[in-house]
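This report concerns aromatic ring pairs and the packing of a sheet. Please examine the sequence and structure shown here.

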Amino acid sequence: MDQIVAMRAFVRVAQAQSFQEAAKLEGLTQGSVSKRVAALEDHLGVQLLRRNQRNVTLTTLGQAHYDDCIRLLGDLDAAEARIRTDARTPAGIVRVSMSPVLSRLIVAPLIVEFTQEYPKIEVVLFLTEAHVDIVGQGIDLALRARHLEDSALVARSLSSNPLMLAAAPSYLETAPKLESPEDLSKHRCLTFNRMKARQSWRFTQGRRVREVTIQGQLTADQGDTLVECAAAGAGVVLMPEWVVSGHLAAGRLVRLLPDWKPPSIPLHLVMASGSNVPLRVRLLSDFIRRSVRQRDLLPR
């Protein structure tokens, strides 16, 4: 016996004072309603209703149980209504991980717009260049620049994210000539210190491929810092085009080896796989992707 179903049948009969009317209201046969109420009485071991040819009335114990059923079923209905409302109404916390430079130049203004549109959603930003464990660290949404292989994650493309080689005019005034990728071995190159000690940069020109081992005196754990150091004349930097574009426009950096193409590192919106992704997370992911594409904030 489904006790909740039986309780609902009992309440309906008590309110209608008729099995026949209760059955019509529930869209059931009279026999089905009678069986459910009888099963409830058998389960409780008491008579809840007095039956006669004219109507149905509550016994003393039936009245007490009716009051309890009204309260319990009302609480259950209210709980179901709340969870359904929460599922449809965007509210709660979204934990987002991304690099500091991506937040500053692209995403932070979009987050502000999003929270204004959805005032019940709270966004918590975790700014790091590291690729965090999304599931293990409870991250709802991450923006990652890399080729993804983790089958436990769902990735949505945000940008092809092409890289660009650049340096400051002040650095180039005294630096060795730079006419081909091989010349980079003679230059001070700015790199991420989270990468392996011996690094190489790869370039293509048609079918020609060059991979050059680079070196330098300065490393950092944030791309923003590397670009600022490059603009100050510290050396050559290889970063996404959208990161250096502002410095290029201002003349603080110039593009190098334009005929040689560095690789692209795809930028994705990433979340844990599964069918129960909260509405608030899907809304933020959709908002960022749509805004980036409609406004051409990143190369496609």
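The sections below treat the basis of the model, its ring pairs and its sheet.

## Basis

The model is predicted: local features need pLDDT of at least 70, side-chain atom pairs count only at pLDDT 80 or more, and totals for chains, interfaces and linings use all residues. Residues are numbered from 1 along each chain as its sequence is written, and side-chain values use heavy atoms, without hydrogens and water.

## Aromatic pairs

Rings of Phe, Tyr and Trp (its six-membered ring) pair if their centres lie within 6.5 Å; planes under 30 degrees apart count as stacked, over 60 as edge-to-face and the rest as tilted. The count by this rule is 3 aromatic pairs. Phe-10 and Tyr-66 form an edge-to-face pair, because their ring centres are 6.5 Å apart and their planes stand at 80 degrees. Both residues, Phe-10 and Tyr-66, are buried (under 20% relative accessible area, 1.4 Å probe, protein chains only).

The rings of Phe-114 and Tyr-118 have centres 4.9 Å apart and planes at 45 degrees, so this pair is tilted. Ring pairs also join Phe-114, Tyr-118 and Phe-287 into a cluster.

## Sheet

An open sheet of mixed pairing contains 5 strands in the order S11-S8-S12-S7-S13. Strands are DSSP runs (E, at least two residues), as are helices (H or I, at least four), numbered from the N terminus; two strands pair if DSSP finds at least two bridges between them. Strand S7 (residues 163-167) pairs with strand S12 (residues 236-240) in the antiparallel sense over 4 bridges, and Met-239 in S12 is the bridge partner of Met-164.

Definitions and conventions: Buried means under 20% relative accessible area, exposed over 50%, partly exposed in between (1.4 Å probe, protein chains only).
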